[in-house]
Amino acid sequence: MITLYGHPVSGNAHRVLNFLHILDLPFENTIVDLPSGEHKNADFLKLNPLGQVPVLTDNELVLRDSTAILMYLARKYDASGQWLPEDASVQAQVQQWLSIAVHEVITGPFLVRVKKLFNAPDGLAEAKQKTEKLFSDLFVPHLERNNWLVGEKPTIADIACYSYIARVTDGDFSLEPYPAIQQWLARIESIKGFAPMPTAVELGFE
């Protein structure tokens with residue numbers, strides 16, 4: 001039995017939730033009460049000593065880190081091999097984008113969103129500048145030539161990068177100047193089984 005420990009505000013948790021739905025896997029979705037600090041309680045720290053979501057358990061296996069979980073699910077449960085192909089060069093390209101998802105996307109779109117949601121304006125201008133550069137220098141040129149981040153079909157690279165880019169608008173950052181990114185997001189949203197990430201309004205933020 002698969003159990004996902006996460007929270008709707010977390011884009012990292014959404015990556016995993018979305019992929020579980022796309023793979024049509026049965027799982028238990030356990031909400032960790034982040035506002036009350038449940039992720040720092042002793043019981044949760046036994047699952048993840050870092051005190052972060054998501055965590056995924058699959059019988060006796062316990063995994064932290066959203067991209068590691070995506071890789072595990074793709075390798076174990078995707079019989080088609082589409083989401084993490086066997087070819088070494090393709091896997092390396094996927095890994096490049098997974099690295100972007102946990103570094104540049106976090107220092108850009110993630111921070112733009114979280115600073116707005118939690119009213120922490122220090123560093124917001126820098127995060128917006130990093131987001132603009134990331135989009136203009138990397139995502140837009142690539143997506144003007146390609147439908148997906150790697151190859152001719154979606155992979156876990158697309159799933160990993162989607163959540164915080166899609167919800168950067170929660171940080172009053174418009175995607176209107178980036179039609180190639182908007183079209184890519186729409187392609188991901190059209191994947192069978194896709195599970196949307198809640199907006200700030202849906203999460204109860206003003």
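Q: Helices (H or I, at least four residues) and strands (E, at least two) are DSSP runs, numbered from the N terminus. What pattern does the chain follow along the sequence?
A: Read that way, the pattern is β-α-β-α-β-β-α-α-α-α-α-α. There are eight helices and four strands in the chain.

Q: What should I know about the model and the numbering?
A: This is a predicted model, in which local features need pLDDT of at least 70 and side-chain atom pairs count only at pLDDT 80 or more, while totals for chains, interfaces and linings use all residues. Residues are numbered from 1 along each chain as its sequence is written, and side-chain values use heavy atoms, with hydrogens and water left out.

Q: OK, what radius of gyration does the chain have?
A: The chain has 17 Å, which agrees with the value near 17 Å for a compact globule of 206 residues. The radius is taken over C-alpha atoms, and the globule rule is 2.2 Å times the number of residues to the power 0.38.

Q: And how much of the chain is buried?
A: Of the 206 residues, 49% count as buried. Buried means under 20% relative accessible area, exposed over 50%, and partly exposed in between (1.4 Å probe, protein chains only).

Q: Let's take α3. Which residues are buried there?
A: In α3 they are Ser66, Thr67, Ile69, Leu70, Tyr72, Leu73 and Ala74.

Q: What covers them?
A: The cover of the buried residues of α3 includes β1 (2-6), α1 (11-22), β3 (55-58), β4 (61-64), α4 (88-102) and α7 (156-166).

Q: Back to strands. Where does leucine 61 lie, and what does it touch?
A: Leucine 61 lies in strand β4. Leaving out residues up to four places away in sequence, leucine 61 touches Leu56 and Tyr72; contact means heavy atoms within 4.5 Å.

Q: Why does leucine 61 count as partly exposed?
A: Because its relative accessible area is 31%.

Q: New topic: which peptide bond is cis?
A: The one from valine 53 to proline 54, with omega near 5°. Proline 54 is in the loop between α2 (42-47) and β3.

Q: What about asparagine 59: buried or exposed?
A: Asparagine 59 counts as exposed, because its relative accessibility is 55%. This residue sits in the loop between β3 and β4. Asparagine 59 has a positive phi of about 55° although it is not a glycine.

Q: And where is asparagine 119?
A: Asparagine 119 is in the loop between α5 (104-117) and α6 (124-143). Its phi is positive too, about 50°, although it is not a glycine.
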